[in-house]
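Let's take a friendly walk through a protein model. Keep the picture at hand as you read.

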Amino acid sequence: MRRRLLSSMLLVAVIAVLLLGVPLSVLVARMTNDEAAEELRAEATRLLVGVEYALSRQQAIGADHLAKNYPDRYIQVFFRGHPPVVVGTPPPEGRELVEEARSENGYIRISRDSAQVEREVQTRLVLIIALAVVALGVAVWLATVTSRRLSLPLQELTKIAERLGSGDARPSRHRSGIPEVDLVAEVLDRSALRISDLLAREREFATDASHQLRTPLTGLTMRLEEIVASADRPEVVREEGEAAIVQVERLTAVIDELLAAARRQRHAQAEPIEIDEIVQQQIIEWEPTFRRAQRSLVLTGDRGLRALGTPGGLSQVLATLLENSLKHGAGTLRIHTMSNERSVVIEVSDEGPGIPDNLGQKIFERNVSGAGGTGLGLTLARALVAADGGRLELVRRRPATFAVFLRHVHDLEKERHRVVSGPA
């Protein structure tokens with residue numbers, strides 16, 4: 001492209017120089033000849049006036065005086081009653097440039113060699129050609145600079161497009177100063193930001209999905225291990241098989257929750273749920289694991305509570321808190337449910353060492369872990385609760401106590417009433 005731009009601009013410059021230079025050369029040659037003829041005509045008229053004045057005063061015409069005042073001229077003076085006067089050397093045949101001036105008493109003929117005029121024309125044409133060459137040189141320089149200025153930004157845009165195509169969505173802040181090219185660069189930068197955001201969301205979703213699916217799969221694995229270990233005890237096999245089915249159903253619910261979260265639809269799916277059912281389900285699932293760790297699960301508080309949420313989301317949140325307590329806590333794990341004027345609260349606490357001082361509320365930040373974990377569990381748990389309109393908080397560091405605050409069921413009725421209330 002740079003070569004095409006350069007050749008196109010040079011072609012335009014050459015055409016412009018020819019269109020201006022050729023007529024200018026013809027005009028200069030004609031003007032030079034006309035100037036030479038006008039000069040001879042003026043000299044002849046001036047000489048005629050001078051000779052008539054001299055004759056009127058009875059003065060002789062001095063040939064030496066004429067030769068001194070009009071060098072390189074061939075002058076012929078003819079007046080009645082006076083001998084002809086000839087001054088100078090006649091120009092070569094075929095190269096005469098002649099002008100005359102006449103009066104009633106005589107006339108004067110003056111001529112010069114046209115070779116001198118031709119040399120003057122050539123000098124001026126050489127000057128015009130030199131100016132044309134300089135103009136072409138300037139045109140070449142401008143074409144080179146312009147083509148480089150246009151091609152380099154386009155090459156930069158090509159590199160940006162190639163990076164986008166290869167998955168590198170970094171925006172480029174480079175601007176060339178050319179409005180049209182900069183507009184394309186801004187559009188590519190905005191596209192890069194959108195692609196980067198989409199890629200980040202895809203990676204985050206993949207990470208979240210892998211973490212969220214790991215817990216139910218772990219529980220399912222434990223149930224299957226119990227089935228294998230109790231192959232000679234049908235009642236245990238039945239019990240563990242039913243628990244495994246529950247785990248599979250929970251795994252399916254987790255997948256649905258992840259897909260809903262990816263589509264940003266979870267908040268619209270919040271509905272009244274029975275807190276006791278979900279808490280009892282988690283106790284049934286995790287009690288064998290805690291028993292093998294020589295720890296116990298205790299449920300206290302109010303019964304029959306209902307709140308707004310999604311069963312899969314709350315189950316996943318409680319499973320995350322129980323798993324964290326199993327890994328990092330100690331002693332009896334207590335799940336306490338209660339209700340106040342603002343929220344339905346589920347507290348999960350144990351008798352372990354608690355949360356280190358250097359973590360505090362940072363425990364909910366992504367990729368923050370105090371004991372070699374993934375740093376995603378509590379982050380995702382808080383996001384799941386927030387999606388249902390609630391919140392997950394660390395209410396006490398030692399011993400570690402987490403509280404899930406859910407909205408009351410009557411809040412949904414208030415929202416519906418608020419939507420439909422008002423004048424029709």
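## A question to start

Which residues does I275 touch, not counting residues up to four places away in sequence? The answer is L305, R306, A307, L314, T337, V344, I346 and L406, where contact means heavy atoms within 4.5 Å.

Before going on, note that this is a predicted model: local features need pLDDT of at least 70, side-chain atom pairs count only at pLDDT 80 or more, and totals for chains, interfaces and linings use all residues. Residues are numbered from 1 along each chain as its sequence is written, and side-chain values use heavy atoms, leaving out hydrogens and water.

## The nonpolar cores

I275 also belongs to the largest nonpolar core, which has 35 residues. A nonpolar core is a set of buried Ala, Val, Leu, Ile, Met, Phe, Trp, Tyr and Cys residues joined through side-chain atoms within 4.5 Å. Buried means under 20% relative accessible area, exposed over 50%, and partly exposed in between (1.4 Å probe, protein chains only). The residues with the most contacts inside this core are I275, L314, F402 and V404. Among the elements that each supply at least two of its residues are α6 (275-292), α7 (311-328) and β8 (333-339). Helices (H or I, at least four residues) and strands (E, at least two) are DSSP runs, numbered from the N terminus.

Apart from this core lies another one, of 21 residues, including L66, V77, L97 and I110.

## Salt bridges

How many salt bridges does the structure hold? There are 17, each being a side-chain nitrogen of Lys or Arg within 4 Å of a carboxyl oxygen of Asp or Glu.

One of them joins the side chains of E99 and R41 (3.5 Å, N to O). E99 lies in strand β3 (residues 96-102) and R41 in helix α1, so the pair ties together parts that are 58 residues apart in sequence. E99 is buried at 15% relative accessibility, while R41 is partly exposed at 34%.

Another salt bridge links E323 and K327, with the closest N and O atoms 3.6 Å apart. These two are 4 residues apart in helix α7, so about one helical turn separates them.

R3 sits in helix α1 (residues 2-56) and is exposed, with 73% relative accessibility. Although R3 and S147 are 144 residues apart along the chain, their C-alpha atoms are separated by 7.9 Å.
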